[in-house]
Amino acid sequence: MPEYKTLIAILLMAFTTYATRVTAYIMLRNRVLTPRAMAVLKSSPGCVMLAFIAPFFASGNPADLIALCLTSFVAIGFSMPVTVISGVLFAFIFRYYLS
Amino acid sequence: MSEQRVDVSSAKTQKDNVQNSKKEILRGLKDGLPVLLGVIPFALVLGAQATHKGLNPFEVPLMTGLNFAGGSEFAAIQIWTSPPRLLLIIAVTLLVNSRHILMGATLVPLLSRFPKRKILPALFFMTDESWALSYNDAYSKKNRTAPLFSMPYYMAVSLSFYTMWVFCTTLGALIGPVLGDLHQYGFDMAFPAVFLVLVRGMWSGLYKAIPWIISLAVSVAFCHFIPGLWYVIAGPVTGLGIAALLGGNDA
């Protein structure tokens, strides 16, 4: 059985997270957006996705940096599965040999 | 006579719709698969760390199933104490997941053709991955006329992630101590690989990419110099500020 304080913490977390997921929809669904707001919206997916991978660039671990650069090149020309498999292999190989 | 005809044609559209949904579901599962496999080690590690911090194998799926946002769960587990500090946990969850607000905003125009009662439950399942894949899919070149958000595709990605996440975090909680260090196998690189491919898919010239590059640079700088998870907010907010400045000149 969960301890009740842990349970409360989990429920509060769940509520907070769900609120972040629906806030934009509830606030924006009946509005007409200006071209500037649309431009901001259009560029936000790329901004967010690249921010997700910042820790890999900032790690300072040479093996990770080399693997990441090679993966970026693969990503320019190849499909998702090929890129994912290459990325994992690069990370495995360089971490094995460089550390 | 005419009634019959209507019946026949509506039955036919219904059949078409079912077949179409099936195709969309399969497409979602297929596109989600490489990312899904990359998530497994994260989930195992999270489950293992959570038991290490004193959560039991019943509380772990409760958290990952009700909250269902990996980043915030990792962050919360790092700062978990017994008893947990509620305000701190809420603040960290809000900080890490505030990116959902931006992600949700990008979906608003795409979701306008669905009723609210469908959207509100569907948004519970929005993750970095299901959002990114579905957003990309909606704007992909096959939809020549207008961007089209596929609900069965989104739900297929989301539910397969949900099942895998809850199952593997529980498994991690149960077998955690015997796993050892998963980092050395390189599975974590699946994550940036996915996002690099998705950003490549959205690429439409260097000028439009200026906010992205600035977002990345600011995030990396924050990551390097400022401890904590501020980078997830600082980078995109700076990038979007630049996008707002450039947005007026270019349409």
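I call a residue buried if 20 or more other C-beta atoms lie within 10 Å of its own, exposed if 12 or fewer, and partly exposed in between, with C-beta atoms placed from the backbone.

Ground rules: this is a predicted model, where local features need pLDDT of at least 70, side-chain atom pairs count only at pLDDT 80 or more, and totals for chains, interfaces and linings use all residues. Residues are numbered from 1 along each chain as its sequence is written, while chains are lettered from A and ligands numbered from 1 in the order in which they are written.

**Helix α2(A).** I looked up burial here: 13 of the 18 residues of α2(A) are buried, so the rest of the structure largely encloses it. Helices are DSSP runs (H or I, at least four residues), numbered from the N terminus. I also found a kink of about 35° at Ser44(A), shortly before the proline Pro45(A); the bend is the angle between axes fitted to the seven residues ending there and the seven starting there.

**Confidence.** pLDDT is the predictor's confidence in each residue, from 0 to 100. Chain A averages 89, and 98% of the residues score at least 70.

**Where the chains touch.** I noted 58 residues of chain A in contact with 75 residues of chain B (C-beta atoms, placed from the backbone, within 7 Å). On chain A's side, α1(A) gives the most, with 18 residues.

**Helix α2(B).** Glu59(B), Val60(B), Met63(B) and Thr64(B) are buried in this helix. Down the axis of α2(B), its buried residues fall within an arc of 125° (directions from the helix axis to the C-beta atoms), so they line one face.

Notes
Contact = placed C-beta atoms within 7 Å. Helix = DSSP H or I, 4+ residues; strand = E, 2+ residues; numbered from the N terminus.
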